[in-house]
Amino acid sequence: MPQNEGSQHDGAPHEGFEDELGAVLRSTGEGFSVDGRRELVAGGLTRGRRRLVRRRLAVTGGALALAAVGIGGVYGGSLIGPSGKATTASVAGTPTPGSEKSTSDTKPPGQAQIPVKQIAAIIESNTPAGQWQFENLDAEGHAALGIYDDGNGKAAVSVALYRSAGGDGEAGAGQVECPSKVHVEFDRCASERLPGGDRLMVIQGYEYPDRREETKHWRAVLLTKDGFLIDASEYNAPAQKGAAISRDNPPFTATQLKALVTAEAWRRLLVKLPGDPKAEAAPGAHQAPDPGPAIQPTLRSLLPEGLQVKDKGGDYGYGFMVVDDGKGKSLVQINVQPNMSGAAGSLFGSGDVTTLPDGRKVKLTQQPGEKGGAGVVWWTVDTMTPEGFRVVVSAFNAGTQREAATRAEPALTMEQLKTIALSPKWQKLPRASR
């Protein structure tokens with residue numbers, strides 16, 4: 001998992017991430033004028049959201065990055081709803097019809113102006129019979145959120161329409177590839193190319209991947225050959241978070257989700273999305289990953305000999321590999337993050353920290369894993385240059401943090417992790433990879 005989630009720095013469950021996020025928010029806020037408040041909300045949330053998404057992408061993988069962004073654009077606990085108005089609702093929070101009204105002066109520039117009632121009508125026409133309650137039917141935007149009830153329990157359901165910033169169906173194919181189980185727990189996932197060139201992913205997973213007994217999250221994402229995304233999500237509760245489970249499973253099967261996102265009726269709405277796929281569209285619009293191809297091969301080149309790579313992945317300055325030296329699987333992961341000087345105080349203010357002659361700080365941490373795997377240990381070497389260029393490397397004694405330890409210690413020693421983190425290769429990477 002990315003190194004901004006958890007307690008690898010000082011042992012406090014979330015303190016490191018919160019301090020780092022605070023530093024990012026402060027940095028993001030610099031240069032904004034408070035005179036243009038709509039621009040501040042739209043621009044600030046979009047920029048801040050991108051930074052957070054870039055770090056979370058490593059956890060969620062391809063299309064599941066949409067979950068990190070959320071329907072309507074989640075950042076800092078707020079939601080930009082279909083009307084473009086900030087609320088504190090959850091991504092699929094309990095709809096309150098009529099709670100927002102669409103007004104022309106609240107839409108950020110470039111936001112889709114599709115009537116939500118049109119999106120809702122297509123959802124209702126392409127799902128089994130049941131009672132629907134949709135949010136903000138009088139608004140305009142790119143998504144519809146609703147509660148569906150077929151008599152077996154209420155369920156939150158949402159559909160959002162995007163242009164893929166990755167381009168056409170070939171360039172953006174990574175957005176509809178099943179993620180690695182290293183970081184995302186799911187029961188089933190299937191990705192396929194459909195007749196005609198569209199690509200589809202259907203995944204049946206969980207809102208909290210390390211707590212399978214809680215809310216289930218099933219999702220279908222269609223990437224059309226001409227670069228549009230249709231993203232449908234459903235839950236076995238009337239809200240994505242904070243609501244009691246109302247049924248054993250979400251209401252629609254994988255086949256029914258596929259039928260929903262592949263409905264021909266979406267085509268007439270997709271053309272209404274903003275024309276430039278890289279434009280600052282609605283705050284919830286998905287931004288496809290910038291490629292980071294140098295992270296994985298660089299990490300591989302720095303690993304000791306005799307390790308077999310069993311799995312690998314990552315993006316946005318993050319990479320992971322599951323390696324095995326014949327004694328059991330071991331997860332190794334790395335974050336490469338420039339411009340982190342604002343978080344130096346919180347990251348290196350305590351613990352086993354040394355300063356090298358060239359000014360780089362090095363922090364060593366050995367602690368238990370945090371995702372519930374029995375006997376898992378987590379070894380980390382965190383480094384930062386005086387200019388704020390951070391490289392943090394971790395290793396575990398299991399293939400994932402959720403499974404039980406497969407060996408007594410990670411496959412890499414602390415000294416080997418330190419050698420990787422301090423390698424000059426990281427600062428030579430193309431900026432897009434960092």
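Student: In E12, which residue is the bridge partner of Ser-158?

Tutor: In this predicted model, Ser-233 in E12 is the bridge partner of Ser-158.

Student: What makes strand E8 and strand E12 a pair?

Tutor: Two strands pair if DSSP finds at least two bridges between them. E8 (residues 154–163) and E12 (residues 228–235) are joined by seven bridges in the antiparallel sense, so under the rule of at least two bridges they are a pair.

Student: Where do E8 and E12 stand in their sheet?

Tutor: The order is E5-E7-E8-E12-E11-E10-E9, an open sheet of seven strands with antiparallel pairing. Direction ignored, neighbouring strands in this sheet are turned by 15° against each other on average.

Student: Why are E5 and E9 said to stand at the edges?

Tutor: Strand E5 (131–134) and strand E9 (186–193) each have a single partner strand, so one side of each has no neighbour in the sheet.

Student: Which helix lies across E5, E7 and E8?

Tutor: Helix H4 (residues 116–125) does, and it runs at about 40° to strand E7 (143–149).

Student: What is the strand order of the open sheet that holds E14?

Tutor: That sheet has seven strands in the order E13-E14-E15-E19-E18-E17-E16, and the pairing is antiparallel. E13 and strand E16 (352–355) are the edge strands: each has a single partner strand, so one side of each lacks a neighbour in the sheet. From one strand to the next, the twist averages 15°.

Student: Which helix packs on this sheet and touches E13, E14 and E15?

Tutor: Helix H7 (residues 295–302), whose direction makes about 40° with that of E14. Helix H9 (residues 414–421) lies across E15, strand E17 (361–368), strand E18 (377–384) and E19, at about 35° to E18.

Student: How many bridges tie E14 to E13, and how many to E15?

Tutor: Strand E13 (residues 308–313) pairs with E14 over five bridges, and seven bridges join E14 to strand E15 (residues 329–337). Both pairings are antiparallel. Phe-320 of E14 stands opposite Gly-313 and also opposite Gln-333 in E15. Gln-333 in turn stands opposite Ser-394 in E19, where E15 and strand E19 (residues 390–396) pair over six bridges.

Student: Which residue in the turn of each hairpin has a positive phi?

Tutor: Between E13 and E14, Gly-314 has a phi of about 120°. Between E14 and E15, Gly-326 has a phi of about 95°. Each hairpin has four residues between its strands.

Student: Why is E14 called mostly covered?

Tutor: Buried means under 20% relative accessible area, and seven of the seven residues of E14 (residues 318–324) are buried. In a regular strand the side chains alternate between the two faces of the sheet. Here Tyr-318, Phe-320, Val-322 and Asp-324 on one side and Gly-319, Met-321 and Val-323 on the other are all buried, so both faces are covered. Across the 434 residues of the protein, 53% count as buried.

Student: How many cavities of 30 Å³ or more does the model have?

Tutor: The count is four.

Student: What makes up the lining of the second largest cavity, by class?

Tutor: Six nonpolar, four polar and one charged residues. Arg-360 is among the lining residues, and Arg belongs to the charged class, so Arg-360 counts as charged. Also in the lining are Met-384, Phe-389 and Trp-426; Met, Phe and Trp count as nonpolar.

Notes. Residues are numbered from 1 along each chain as its sequence is written. This is a predicted model: local features need pLDDT of at least 70, side-chain atom pairs count only at pLDDT 80 or more; totals for chains, interfaces and linings use all residues. Side-chain values use heavy atoms; hydrogens and water are left out. Helices (H or I, at least four residues) and strands (E, at least two) are DSSP runs, numbered from the N terminus. Axes are lines fitted to C-alpha atoms, for helices over the stretch in contact, and angles run from 0 to 180 degrees between N-to-C directions. Contact means heavy atoms within 4.5 Å. On a 1 Å grid over the protein atoms alone, a cavity is a set of points where a 1.4 Å probe fits but cannot get out, and a pocket is an open set with protein on both sides within 12 Å along at least five of seven lines; lining residues have an atom within 4 Å of a point. Grid points are joined across faces, edges and corners, and a volume is the space filled by probe spheres set on the points. Buried means under 20% relative accessible area, exposed over 50%, partly exposed in between (1.4 Å probe, protein chains only).
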